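Hi,

Here is the structure I promised to pass on.

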Amino acid sequence: MSLSFRERTRPAPPATPRLLLPSLVLAVLGYQINATMLSPALPDIARRLDTSSSLVGLSQTLFFLLAAVGQVTLARLSDYRGRKPVMLLCGVLLIIGNLACALAPDISVYLAGRILQGVSAAMFSLSFLTLNDLLPPAGFGRAAGIISAVNGGFAGIDAIVGGQLADTVGFRAIFLGGLVLSVVGTLAVARYVPAVPPKAKGTMDWLGAGLLALGLSGLLIGLAQGAAWGWTSPATLGCVLGGLAALAAFVLVQRSRSAGGNGTGTDSGTGADSRTGAARPRITAVIDIRLLASRRAWPLLLTVTLTLAGAFGALALTIPLFTQDAHAGYGLSATWSALLYSTPAAAIGVIGAPLAGYFGPRIGWRRVALIGSAGSLLAFAVAVPFRDQPWVLFAALAVLGLTYNGISITALNGLAVVSAPKDQQGALTGLTGACFGVGASLGTALASGLITTAGTSGATGAAAYTGAFVAALALLALAMATALAIRPVPAGEGATERAPGVHL
């Protein structure tokens with residue numbers, strides 16, 4: 001088959017070192033253990049730092065909040081500065097954050113360390129983008145599956161290890177282990193990850209990035225703290241409404257930037273200084289509104305948000321509470337609840353992620369995402385009516401681990417990379433990463449609110465959890481609908497293989 005002129009003249013990608021993937025795995029793992037290993041150690045942190053559980057809970061909120069903000073901002077910055085320099089920045093922030101948490105004399109230093117660790121979450125999105133820059137579609141798919149599996153933790157074993165370390169040595173041992181991994185991962189990135197030229201022209205829109213960060217912060221804080229503050233309290237309403245106002249302002253700013261030229265192939269990325277007439281870099285949109293309004297973007301972002309809201313909310317809150325409830329559920333201990341209903345889902349997800357990465361480039365990332373959405377919906381459709389049967393629930397959650405933890409998360413991340421024009425890969429990938437955080441916060445807040453409301457209204461036994469289970473099922477059904485609306489990306493097509501520009 002003859003090659004097109006563009007294919008014949010496209011410069012060859014830089015040589016790919018054999019240790020590229022192990023380096024990225026170490027870099028992602030250095031961040032990830034701070035998210036998955038720490039949960040069992042939260043009581044130990046409160047005790048050793050002589051602080052309240054609410055402040056320790058705030059540290060978790062800030063960690064995931066800054067993870068969302070960091071993914072959007074730093075992933076987009078990498079379009080202008082290159083992937084490798086921003087990855088190294090993430091590595092340095094992670095090292096400093098681990099040191100601060102490991103040596104923290106009080107809760108204030110600990111909070112600062114968790115904030116820095118959260119920002120470094122962009123390492124995950126940057127790893128996806130780097131792999132797409134350097135590998136052919138099939139190689140990208142396989143590597144993306146491995147990165148997704150690593151980002152899910154050690155198949156649930158990491159939380160158990162974290163609990164053991166907290167019980168024997170103390171929480172600081174977790175951060176010291178993370179420090180070693182972050183140093184090794186950062187050095188590996190510096191040595192084995194090639195520097196690829198930036199994809200975007202112009203300069204970063206820091207006003208737009210700030211508005212987006214402010215909007216996400218308001219929404220996430222409002223959702224995370226709404227149950228404690230009261231959903232109609234001035235603080236909750238102020239955060240949520242302020243976040244929505246900031247996001248509306250973000251859209252207006254991006255529309256203005258996009259109308260003025262955004263460097264997506266038709267614009268040079270430069271403008272003229274009004275005083276001297278000299279060329280100066282144009283401020284380009286964080287994300288082109290035309291792309292955001294296209295079927296390659298908005299259905300994808302909604303699917304991510306709804307999938308996380310349904311599945312994560314159930315796995316992280318509803319299922320643990322239900323299985324440990326002696327009156328409504330099974331009356332299990334926390335350890336047995338985790339071993340039977342959390343660890344299997346995480347372990348099977350490690351298998352599903354590489355499978356999604358293998359089939360994504362071959363049959364299309366959208367099709368794999370649809371398989372994941374359909375499987376998750378079916379699994380939960382069985383779990384809801386048969387939740388009083390322990391082994392049926394166990395089997396349904398095992399399937400959910402395959403379809404949600406493995407297939408859906410990998411496919412949606414891969415789809416974000418290949419759906420964006422080459423100079424906006426960081427924007428769409430970063431927004432997708434942020435939607436994971438928004439969806440997780442929305443899901444846990446909704447489940448908590450429904451369970452609390454059912455209890456205060458007099459619901460007893462299993463009925464206290466009916467609303468949360470049904471809401472999760474409804475959210476997964478909506479995620480299936482929005483996934484069907486995503487515009488297909490042809491099998492084998494990658495972002496680096498498309499002509500520049502926004503194709504709606």
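This is a predicted model: local features need pLDDT of at least 70, side-chain atom pairs count only at pLDDT 80 or more; totals for chains, interfaces and linings use all residues.

Helix packing

Let's start with helix H2, residues 20-36. One of its partners is helix H10 (residues 172-192), and the two pack at an angle of about 150° with their axes 8 Å apart. An angle over 145 degrees counts as roughly antiparallel, so that is how H2 and H10 run relative to each other. Their crossing is left-handed. On the H2 side, the contact involves Leu20, Ser23, Leu26, Ala27, Leu29, Gly30, Ile33 and Asn34. H10 brings a list of residues that includes Phe175, Gly177, Gly178, Leu181, Gly185 and Tyr192. Sorted by class, this contact has twelve nonpolar and seven polar residues, with no charged ones.

H2 also packs against H7, here at about 170° and with the axes 9 Å apart. That makes this pair roughly antiparallel too. Leu20, Leu21, Leu24, Ala27 and Val28 of H2 meet Met123, Phe124, Ser127, Thr130, Leu131 and Leu134 of H7. Nine of the residues in this contact are nonpolar and two are polar, and again none is charged.

Aromatic rings

There are 14 aromatic pairs in the model. One of them joins Phe128 and Phe140, edge-to-face, with 6.1 Å from centre to centre and 80° between the planes. Phe128 sits in helix H7 (residues 122-134) and Phe140 in helix H8 (residues 137-151), twelve residues apart.

Phe322 and Tyr330 are both buried. They also belong to an aromatic cluster, together with Tyr341, Phe380, Tyr465 and Phe469.

Which residue other than glycine has a positive phi, near 50°? That would be Asp50. You'll find Asp50 in the loop between helix H3 (42-48) and helix H4 (53-81). Its relative accessibility is 72%, so Asp50 counts as exposed.

That's it from me for now.

Cheers

How values were computed. Residues are numbered from 1 along each chain as its sequence is written. Side-chain values use heavy atoms; hydrogens and water are left out. Axes are lines fitted to C-alpha atoms, for helices over the stretch in contact, and angles run from 0 to 180 degrees between N-to-C directions. Helices (H or I, at least four residues) and strands (E, at least two) are DSSP runs, numbered from the N terminus. Angles under 35 degrees count as roughly parallel, over 145 as roughly antiparallel, 65 to 115 as roughly perpendicular and the rest as oblique. A crossing is left-handed if the near helix is turned anticlockwise from the far one by less than a right angle, and right-handed if clockwise. Contact means heavy atoms within 4.5 Å. Ala, Val, Leu, Ile, Met, Phe, Trp, Tyr, Cys and Pro count as nonpolar, Asp, Glu, Lys and Arg as charged, and the others, Gly among them, as polar. Buried means under 20% relative accessible area, exposed over 50%, partly exposed in between (1.4 Å probe, protein chains only). Rings of Phe, Tyr and Trp (its six-membered ring) pair if their centres lie within 6.5 Å; planes under 30 degrees apart count as stacked, over 60 as edge-to-face and the rest as tilted.
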